[in-house]
Number of protein chains: 2
Amino acid sequence: MSFEISDVLLEEIKAHISAGNDTALLALFEEVHFADLAETLDAVNWEEALYLVRLLDSETTSEALMELDEDVRERLLDSLTPKEIAEEIEEMDTDDAVDAISELDTVTQEAVIGHIEDEEHRADIRELMQYDDDSAGGLMAKELIRVKETWTVAGCVREMRRQAEEVTRVHSVYVVNKENELIGRLSLKDLLTSDTKTKIAEIYIPKVDAVHINDKAEDVAKVMQKYDLEAIPVVDDDNKLLGRITIDDIVDFIRDEAKEDYQLAAGITQEVEADDSIWELTKARLPWLFLGLIGGVGAATIMGGFEDILKDYALLFFYTPLIAAMAGNVGVQSSAIIVQGLANDDVKGSIGNRLIKEMFLAALNGLILGIVLFGFTAIWYGDYKAAMAISISLFVVIIMAGIIGTFIPLFLHKRGIDPAIATGPFITTSNDIFGILIYFWIAKMILF
Amino acid sequence: MSFEISDVLLEEIKAHISAGNDTALLALFEEVHFADLAETLDAVNWEEALYLVRLLDSETTSEALMELDEDVRERLLDSLTPKEIAEEIEEMDTDDAVDAISELDTVTQEAVIGHIEDEEHRADIRELMQYDDDSAGGLMAKELIRVKETWTVAGCVREMRRQAEEVTRVHSVYVVNKENELIGRLSLKDLLTSDTKTKIAEIYIPKVDAVHINDKAEDVAKVMQKYDLEAIPVVDDDNKLLGRITIDDIVDFIRDEAKEDYQLAAGITQEVEADDSIWELTKARLPWLFLGLIGGVGAATIMGGFEDILKDYALLFFYTPLIAAMAGNVGVQSSAIIVQGLANDDVKGSIGNRLIKEMFLAALNGLILGIVLFGFTAIWYGDYKAAMAISISLFVVIIMAGIIGTFIPLFLHKRGIDPAIATGPFITTSNDIFGILIYFWIAKMILF
């Protein structure tokens, strides 16, 4: 934590850039961690960032580039020549390289790949580009330590030294047979404690978890979390070792998923950040607001249909926001619990049982809230009949809201649709409309 | 993924338990992964789980216990004697051991600790129990590989072998001086590639990130994510090496935090799961529903104050759910973006600038939605004046809702309160009330 991006330091950097004082800059960033450099690139303006990327070593800048926001990175890369981009790519691990390249337009992509000098790196990148983003193939890197079962410990250590130069961090050593089929893994402990002449075949651990190249990213994340793995090998149909996925990519994946779910629940349809432009933010927010608008017009139309009771019971109309809010809140609560339960594979048993449980739960909540509301309205307005009508309606609306909030995500999940979309505005809007309809209908029955 | 908890397997396990067929059970679970065993313990009933815990080796069950839901684990541990619990604890890493012990009542805690035979383990646990749950000390484990700078590579490897027996996974090797002050780390690569007579002092990497024992868990998570660390050492005021925190604990922490934020946004006040009891779920849900009830009563009271315009403009009352819903939705959107931005340290600049940006954003959204609503209501009801009143109010309400949704989380954050509490019911309720008040007030001004 030695490098703290203070305002003073930032001013110093900016001054050096405008003075073209490269020596000072190079000294300043000599041993910088890529995450700190990324923070600097994010804090200075765009021309200054470009200046730094051009000045500093690709070894330093390539990893920093991958830490930047996608739009900042895109803008920077767009200003570099394909050759300059290729130099950055050359220094990246294959998984990062593919992520960076796929953000470029197809013409530039080809030009950049053509400029990559290391043939193996180029081939690896081409291979990884075929895989789906949301699959194990999309997350994996080609860099790994691979040893053959026929080697001795001494030969293995020698080979590992060579391979380790390309691998940033040695998580695991994977053991393959001569057909390159994954047959086990080697613990560093065993490697350290075995005689140098021992054959790998004698000391490797034959039990190794692996994922298939086409497995969904979500499932990979679940497996790695469940088994507390820091890396997992990726194999194809024939169990041939293709690459590995490391925990840092999974951490990013988990965070992104959580962010997305949170935003869906809050009615934001695409990944946006507080710092995005007003236009980006509007595009992300407007669709759900339109849905809310349509719901509100629907509610208004329903209420218009009950205009005849307005002169006798204006009170009922004053309580529509309460009914709508409660229907919305209960629906969001129920759906959030189901959505999270589904995400964690916690929801077992039939839909029917879930709905029955939710019905009892909502009934309990509805009873408590209904009694409180009855007490208040009966005393405040002195109209017991109206108070009864409002409270009983609230009770029924809460049960209905709970059932809808439980059913919709379960239903979407069964149909293979991400249930997270069902929390937030979707549930709120449908519950608003149904809630108000049921409310007036029951109240009218009781009062007339 | 060889072990799949199928219904068939589960029936088999249950049959073996009821027949008391221990040999078959021991064979079945001989090489089971603790995560799979945890899934089994979760799937069978409580007496069966207890039977398995008693039957199987503590080495196998202790880690599985830590994977269980807190309430399931608590119930199981409650049925074990302190001595039996101590046997499980003995097999756990110190961080897990402390988590398990702190769930017991204080009397049992002392009895369990008294039964731990390994003196060092007992002392470590006592030490860790002093630290705050939400601090680096609360996350760290005492197990780590520690080498002295004065050692040679050969001596180091010898010592590592001994220490490695207690450490499940070797993440990093930390180098200390003779005062046990952390001075660097050793890469396994360098260790593998150096001559056995080389002094550690010559090959260690003096740059090592560390966190302080009292650092907040949240900050530790941020640092480890930022620098893609898989483990980080923990030091005290004097830079003495106390323990280390591993990424799997951080992954759990990130997931729990995301879950908590999501639930707060959905109006659920404590961590609950879909499978919790109706009473647990009610306790988590009712407080926010009460808030909604109070908000609804507030809205009804405001509307009652505008009863005089009811006979001329009943239409206005039909549109209150729409206004309330839009105010709520916009508020939740704005606050969600700010809450996430704050969590990621993305929100820079002054509160004033944020509010101005949000004002423009809300004005753009409000303008679009207001025009659409005006078009619809003007044509549908043929009352241009009323349509104008409703649409202009909507426009103003949306701006206000955006500002409140932006301001409240920023304000809470400044006051040191978790802003996540501000998304969801809190914002919705306050925006409902303010929205309806402003709506009637503006509409009345325009129409009368």
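Chain B and chain A bury about 10,200 Å² between them, with 63% of that on carbon and sulfur atoms; buried area here is the accessible area (1.4 Å probe) that two parts lose on being put together, summed over both. Keep in mind that this is a predicted model, where local features need pLDDT of at least 70, side-chain atom pairs count only at pLDDT 80 or more, and totals for chains, interfaces and linings use all residues. As for bookkeeping, residues are numbered from 1 along each chain as its sequence is written, chains are lettered from A and ligands numbered from 1 in the order in which they are written, and side-chain values use heavy atoms, with hydrogens and water left out.

**The interface**

Each partner puts in its share: 108 residues from chain B and 108 residues from chain A take part in the contact, where contact means heavy atoms within 4.5 Å. The same surface serves both copies, and 100% of the contact residues of chain B recur in chain A.

On the polar side, the rule finds 24 residue pairs in polar contact across the interface of chain B and chain A, both residues at pLDDT 80 or more. A polar contact is a pair of N or O atoms within 3.5 Å; within protein, one must be able to donate a hydrogen and the other to accept it, and residues adjacent in sequence count only if both atoms are side-chain atoms. Helix 17 (residues 278–305) of chain B gives the most to the side of chain B that touches chain A, with 17 residues. Helices (H or I, at least four residues) and strands (E, at least two) are DSSP runs, numbered from the N terminus.

**Salt bridges**

Side chains of opposite charge can pair when their charged atoms come close. The rule (a side-chain nitrogen of Lys or Arg within 4 Å of a carboxyl oxygen of Asp or Glu) gives 25 salt bridges over all chains, and six across the interface of chain B and chain A. Here are two examples.

| A:Asp36 | B:Lys226 | 2.8 Å |

**A sheet in chain B**

Chain B has an open sheet of three strands in the order 1-2-3, with mixed pairing; two strands pair if DSSP finds at least two bridges between them. Strand 1 (145–148) and strand 3 (182–186) of chain B stand at the edges with a single partner strand each, so one side of each lacks a neighbour in the sheet. Strand 1 of chain B pairs with strand 2 (residues 173–176) of chain B in the parallel sense over four bridges, and B:Ile145 stands opposite B:Val173.
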